[in-house]
Every structure is written in C-alpha cells, then in structure tokens.
Amino acid sequence: MKAIQHITLAALATVFALGLSTDATAQCRSFTKKRCLPKLEEYVQNDNYNTAVLIPGDEAELSLTFFGGRAYRLLVCGHPVLGDLNFQVLDARGNGVYDSTDKDMSHFDFRVANTQQMTVRVQVPESSAALQHEGCVSIMVGSKS
Amino acid sequence: MPTTRTNALKKIFHAVPSPIETALLLEASGVNFSTGDLHDPAKASGYATTGSQAVNLGVYAGDLSYATIFNRNQEAIEYLNVARRLADELGVGDLIDSALIARAEDNRQVRDSLIHIVTSTFYALNARLKENGMEDVSGLIAAGGWIEGVYLGTRNLDGATQDLKVRIAEQKLTLDNLMSLLGSYPSTEDLAAMIASLEPVETAFAGVSIVDHAATTTTADDGMIVISGGPEITISDETLAAIATAISEVRNHYAN
C-alpha cells in the first residue's frame, strides 16, 4: 500500500513539474512576443526561437553565422526577475569581440564586414536571495542591409 | 516564478539563417528569379509522414521567402497557403490562419510588410513546436529551408557573379551551424536520415577553402561598431558545381 502511495505521489509530482515547465515555456513565448520582438522592429528578424527558462547562475550560448555587408542587432532579452544579464560576443577563435558588462545595454548593434561565425554567451547573475526565481531569457538576432 | 532547481545549467543554442535572410543575400548577389526552380505547390498534399511534412514545409518556406524578396507577390501568397496546409498537418495550422493570409494579401505590394509577416509567422511556428516538445520537427523545417536556399542559389551558375559564388561558399559555415542544430536534439529516425542525407553536401563543401583569422573591431564614422577580419573564404568553379549537384540530389530526394 505504501509503495502504491509513493508511486502515486511521485507521479503527481512529475505531472505537477511538467505542468509548471509547460506553463513557464508558454509564458516565455508570450514574454518574448510582448517584451522582446518590438525591439527588433527595424530589422529582419531571424526566425530561430532561442529562448529558455533560466535561474541565477545559469548560462546560455548561441552560435550563429553573421554575413558580411549586413548590419545586425543582437538582443539579449531577460525577465526582470533575473536582474541585469551580461553577455559577450566571441569570434570563431573564442576571442572577445564585445562585452556588455557595465554598459547597461540589452542589445549590441554592429555591422559585419566579412562573414563569420560568432558565439554569444549570456550569464544570469548569481543571487543571494533565499527564494530563487526562474525567468525567460531569449537571444534574438535581427539584420538589415 | 520560484524554482526548485539549484544546479546551474548551460543552455546551448544553434541557429541557422532564416530563409528570408538567405533570399536577401541571393537577391543582392544578382540571382535571377525563376518560377521553374521552385517546388511544385501541388505536391504539398502528397506528404504523409511528419518528417516529410516538416522538411517540405521548410522547402516551401524557402520558396515563399524567395518569392517575397523578389516581389513575386502572387507566388508568395500561393506558397503561404501551401505552408498553411503543411503547418496544419503538423498541428500548428492555427498560426497561419485565414486572417494572416488576408493580411498578407492586403499587403502584397509592400515587401517589408510581407517580410515581417513571413518571419514573425515562422518564429511563432518554431516557438510553438519547441513548446510542444517537437524540437526535432523544428530542426527538420530549418534543414528544409536551408536546403532550398542553397538549391535556389545554385540553379543558374553560368555567369554567376563573384559575389554569388562567395555567398554560396559561405554556406559552409551555415551548414556547420545546421549540423550542430540537428545534432543537438535527441535523435529520431527522421533527424538521423536528414543528417545522413546532408553528408554528401558536407563532402562537396569540404572543397571550400577557409583560412581562419581573428576578428577585429573598429568604430565607423556613424559610431557603429564594425566587425572585420575573420575567415578568408574561397571557392573554385569545380567545388561550386559539386555543391550544386549534391544539394540538388538531397533537395530532390525530399521534395519529390
């Protein structure tokens, strides 16, 4: 009987966790649409959906090819509950090209002279709060000629 | 929302250019539009499996983008309707509903509006598929779009501009992104088949020479940061022809 109770509780916990996860993911889509997409209005938006639910201390990375002759807006859009996100842009060799630290900017506008692969690395700041919150982080890219 | 997770994670994303971005590059490189190169819309109803529907939705998205960028408005609307049919089969047809098609028809003369409609629709589609745990399907759509972009760019290479040749060569980098994307999802039969189908394309692209250099940044007169340096990419006509053949084979394998 006890074993059945344990299994039932575990199943309920799993269903609850899955429910929360689906809910958080759905909220992310809504958050991205309302808070992030408008910031790319002047650009042709890349249609990849690079969004995840993260917590303090997490990192996210995006690898992408940027084309010569195009201007880009790289937007790192995070839910305010996560605090100010830092991000860096690295070239194919891993050398730093840009660092948002101390810049108080959620986006980086630049032009690319020669086509190249770059990596965007995002950090969610650590938090000392007793109750850790999760929030959406989206890495978005728009381009124009 | 409070969380119970305490261990930090690193989420890795891989992205490929959207079909619209590829079409913009092709247009700027002097490619001529040819309706005959596009996939036959009538074949859209013949795809019965999720995998074939996803790949062909990507292929048709490539054609939709191509038609949009080249101001072929009638074709663009037709391919949007085809995309709707396949999206419906994949359970996300509500994202390309009658209102969206009507909005596209109302804006058919305004290229920027059509571009916005196409990119935001496929962004929403990718988001929904990932939300529904169908990331593999999203990956197959991206693969179909990539294949069609390179296919359309390599149809008429006689008299191709140097700019077009370089743009095709650069797709070696985006193929690398695509293979990483496909490999990042839990393997399925369809993903494995796509990765295997792209191997001859990778072999053809191996002929593209890439000499790596560090990126450099400068600030332009208007204050914009300019990223230069990076790889030096060259391609021979033989490699270009090999890519054209390899991409044609994989494209026609899926879009048959």
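This report describes a predicted model with chains A and B, part by part.

## Basis

Residues are numbered from 1 along each chain as its sequence is written, and chains are lettered from A in the order in which they are written. In this predicted model, local features need pLDDT of at least 70 and side-chain atom pairs count only at pLDDT 80 or more, while totals for chains, interfaces and linings use all residues.

## Chain A

Chain A has 1 helix and 9 strands. Helices (H or I, at least four residues) and strands (E, at least two) are DSSP runs, numbered from the N terminus. Along the sequence the pattern is α-β-β-β-β-β-β-β-β-β. Of its 145 residues, 41% are buried. A residue is buried if 20 or more other C-beta atoms lie within 10 Å of its own, exposed if 12 or fewer, and partly exposed in between, with C-beta atoms placed from the backbone.

Two residues are in contact if their C-beta atoms, placed from the backbone, lie within 7 Å.

## Where the chains meet

The contact takes 46 residues from chain B and 44 from chain A. On the side of chain B, the elements giving two or more residues are β1 (10–14), α1 (19–28), α5 (111–131), α7 (162–183), β3 (215–219) and β4 (225–229). The largest share, 9 residues, comes from α5(B). This side of chain B divides into 25 nonpolar, 13 polar and 8 charged residues. Here Ala, Val, Leu, Ile, Met, Phe, Trp, Tyr, Cys and Pro count as nonpolar, Asp, Glu, Lys and Arg as charged, and the others, Gly among them, as polar.

Strands also pair across the two chains. Strand β3 of chain A (residues 59–66) runs parallel to β1(B), over 5 bridges. Two strands pair if DSSP finds at least two bridges between them. A:Leu62 stands opposite B:Phe13.

The largest nonpolar core has 114 residues. Such a core is a set of buried Ala, Val, Leu, Ile, Met, Phe, Trp, Tyr and Cys residues joined through C-beta atoms within 7 Å. B:Leu64 is one of the residues with the most contacts inside it. Leaving aside residues up to four places away in sequence, B:Leu64 touches B:Ala76, B:Tyr79, B:Leu80, B:Ala83 and B:Val118.

Helix α2(B) is largely enclosed by the rest of the structure, because 17 of its 20 residues are buried. Helix α8(B) covers residues 189–205. At B:Glu199 it bends by about 35°, and B:Pro200 follows within four residues. The bend is the angle between axes fitted to the seven residues ending there and the seven starting there. Buried residues of α8(B) include B:Leu191, B:Met194 and B:Leu198. Among the elements covering them are α2, α6 (135–153), α7 and α9 (237–254) of chain B.

β3(B) and β4(B) run antiparallel, joined by 5 bridges. B:Thr218 stands opposite B:Val226. The hairpin has 5 residues between the strands, and B:Gly223 takes a positive phi near 90°.

Most residues other than glycine have a negative phi. A:Asp102 has a positive phi of about 65°. A:Asp102 lies in the loop between β6 (96–99) and β7 (107–112) of chain A, and is exposed, with 8 other C-beta atoms within 10 Å. B:Asn71 has a positive phi near 60°. B:Asn71 is found between α2 and α3 (73–89) of chain B, and counts as partly exposed, with 14 C-beta neighbours inside 10 Å.

Definitions and conventions:
Expected span 1.5 Å × (residues − 1).
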